[in-house]
Amino acid sequence: MEYGKKQEWKVKGIQISYIFGLSLIITAIIYFFAANWPGFDKWMKIGLSVSLIVFFYIISFVLGKLVKKHPFLSDLFLFLGCLSFGVGVALLGQIYNSHADSYMLFMIWSIPALLFSIFTKYQPFYILSYGLLHFTLWFYLFPSSGFQYVPKEFAQWILLITALVNGILYLVTDRGILKSRPLQYCSFIMMQIILLGLTMEELFDWFNVFVSSLFILLSIALYIYILKKQFNKPFLVLVGLFSIAFIIIKFIEFIDYIGSEYVFLFTIFIPFVIVGFVIFGLRKWRQNQRGEQQSFLKKIIVGVATAVASIIAGSSILGISYLFFDDVSFTFFLFFAIALIIIGVLMEKWDQVIRYTLLFTAFFLGVPATFLESSSWLGLLFIGALVFVFWSIQSSGFRYVTYLVTMISFFAVINDINYDIELVFGLILTINLAIYFGTTKVIDDGRLKDVLINNSIFYGMFSFFFLTFLFENEPILYYFTNGSYFVLTTLYVLLTLKQNHKVHHWILLLFWFAFIVYKYYDLVWGLLHKSVTFLITGLIIIAITIKFDNIQLEGSGRKPRTMAMVTAIVTIIAVQIVTLGVQIQKSEHLLTNGELIKLELAPIDPRSLLQGDYLVLRYDISSLELDEDVSWNERIFVGLEEKTGGVYEYSGVYATGKAVPDDIKNRADVWITGKFKGYENIEYGIENYFVPEGTGWDLQEIINYAYVRVAENGDALLVDVARD
């Protein structure tokens, strides 16, 4: 290895080690808070939330001054500060029983993230702000409180505009106006997903026809754009995959529209038409000077055509079988799938479109049959046929699909033998380890070797990751599995970085971070124990990294922050702190000065994305019959009057607009503001009550009333819930 590559590996190794160590220390802090959170009083929770934000930002500026050869550390802590701001907003919402999965939470969080991304151009801020803005939109259109309502037409047009904005963002990033590869992929995929989702309507609904036509035109335009501007294989593959999904959706809508099983007698001929048309078209296709592009585009066309044809063929075969036979054995479908595999592999002189269609049809029929067939031997026979396909077909893409189908079928067969789930995933891990080590020593074919190693690493790590959540009743095995996973994953992340295996490195890095994130929800091991363990491990990694961090860098790769940039960053941080202060002051003022009222309720028990378990409170006043039309999301003042037992009920009067008219003010004891959500539903902003994890179902069985503070302007804050 040349000196330059050695230096590059060392720089990357030091950076990833710092990130590993700091991630563990931060995780330890979060776990410590989570372990002790129920025992803290309100002001301790508020103080810790704000202090954590300030701590990260101070560390960011300190590291920016003291560790100039590693500017990414300063950027990382700036990013963590922004993350902790969002967590702080969520925790304040938990303390004051508001913001559970609310679009307002994510919108408030997205503003500083977006500003940081503009001023710092740090890639994680791009992704964070992009994700937060989409979360804002999602929870605005689809609130977590199930009784809220958003007009369908309104949601459709907002989503369509969002898809188009993502399309513009893709063009901006693709042309280098905004340099962010992750945003380029995210915007491209999100645009296609949203448009695809909007096409899922009744087949000849006007909006369905409009969006479907738009999707087709966009797909054609993307094919032409990608081929003409630059030859980009991943984006061509993505367009191909979404095209397959679109055609399958239209096929399902067509079947549903016809509403008769006899339609399969017609659809069985569609695959023959598709295959024949594609074969004829490809033979007439003239090659030009862009041979590689034409060749890859041909593969995309073959892939799309065979996938669509095989799914329609498989569905039609299943439909016809159940149309003419009352009881069709899954043994038949397994043997039929195996027969198609043998024909598809042995008929080498047939056109590849025909062969691939036969093989994909076999996959479509065989995989469900392995789950439903009682004979495990037939399942193993099908797996043997899949191995035969894998070795016989030379296409790398086809081998990736075959490997996936083989793993799914193997899981179905082994699970059907009634083994414990631990043993099932243990066997999958063992098989993939054997393939990995066997491949490195035996296989010389480069393309085959890459496919086997990439797949064995991914599915091996997936099964290993799943095993870390098992063995709940065997503590020794549980701790051994988790410890082994963490140590081995950490070592192999660094090893693949050193060997410059980018694909393997990112696969392992993904599973490393997945372990850190998901262990929070694995409660077999106490949060406090996790906190101490991660803290010690993180400190050890940081200590080792500092010891070996003797690299000398000529340049940091990032321009020093100008005074204007620093001023902007400090201003953004100050606004975040002020925002939290305003939220606290407003809530405390309402708690101190608001009128305490008692409302009858009926709760349900969901989970918040950031804040844990909570009850969604459904009040008697949440649904009212109104005498006149009120626009969706319009502000409404609801009059309440005290009844028997101190319970406040609807007085029969309400008002819309900016304030309650003077002539009706005295017709209610208290006026509370809400927003009309359609179908007589009103949201007051007091619908969330946070509870310790796992207690929601028990609590909702015994509570009947909520105590609420209402300010003079009608704003309300939930104080407590009670049996009476």
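# Questions on a predicted model

Q: What is the make-up of the protein chain in helices and strands, and what share of its residues is buried?
A: The chain has 23 helices and 10 strands. Of its 724 residues, 48% are buried.

Q: Why are α5 and α7 called roughly parallel to each other?
A: The axes of α5 (residues 123–141) and α7 (residues 181–198) cross at roughly 20 degrees and come within 9 Å. Angles under 35 degrees count as roughly parallel, and α5 and α7 are therefore described in that way.

Q: Which residues of α5 and α7 meet, and what makes one of them charged?
A: From α5, the residues Q123, Y126, I127, Y130 and H134 meet R181, P182, L183, C186, S187 and M190 of α7. The residues of this contact divide into 7 nonpolar, 3 polar and 1 charged. Arg counts as charged, so R181 is the charged residue here.

Q: Which residues touch the most other members of the largest nonpolar core?
A: They are C82, W109 and F116, in a core of 43 residues. Helices that each supply at least two residues of this core include α1 (3–36), α2 (42–66) and α22 (563–593). The greatest contribution comes from α3, with 13 residues.

Q: What does C82 touch, leaving out residues up to four places away in sequence?
A: C82 touches Y57, W109, P112, A113, F116, F125, L128 and Q576.

Q: Why is T361 called buried?
A: T361 has a relative accessible area of 4%. Buried means under 20%, so T361 is classed as buried. T361 is found in helix α14 (residues 352–372). Beyond residues up to four places away in sequence, T361 touches S310, A313, G314, I317 and L340.

Q: Why is S623 called partly exposed?
A: The relative accessible area of S623 is 33%. Buried means under 20% and exposed means over 50%; 33% lies in between, so S623 is partly exposed.

Q: Where is S623 placed, and what is in contact with S623 beyond its neighbours within four places in sequence?
A: S623 lies in the loop between β3 (612–619) and β4 (635–642). Its contacts beyond those neighbours are R618, E680 and N681. S623 and E683 are 60 residues apart in sequence and 9.1 Å apart in space, C-alpha to C-alpha.

Conventions. Residues numbered from 1 in each chain as written. Predicted model: local features only at pLDDT ≥ 70, side-chain atom pairs only at ≥ 80, totals over all residues. Heavy atoms only, no water. Helix = DSSP H or I, 4+ residues; strand = E, 2+ residues; numbered from the N terminus. Buried < 20%, exposed > 50% of the residue type's maximum accessible area, 1.4 Å probe, protein only. Axes fitted to C-alpha atoms, helices over the stretch in contact; angles between N-to-C directions. Parallel < 35°, antiparallel > 145°, perpendicular 65-115°, else oblique. Contact = heavy atoms within 4.5 Å. Core = buried A, V, L, I, M, F, W, Y, C linked by side-chain atoms within 4.5 Å.
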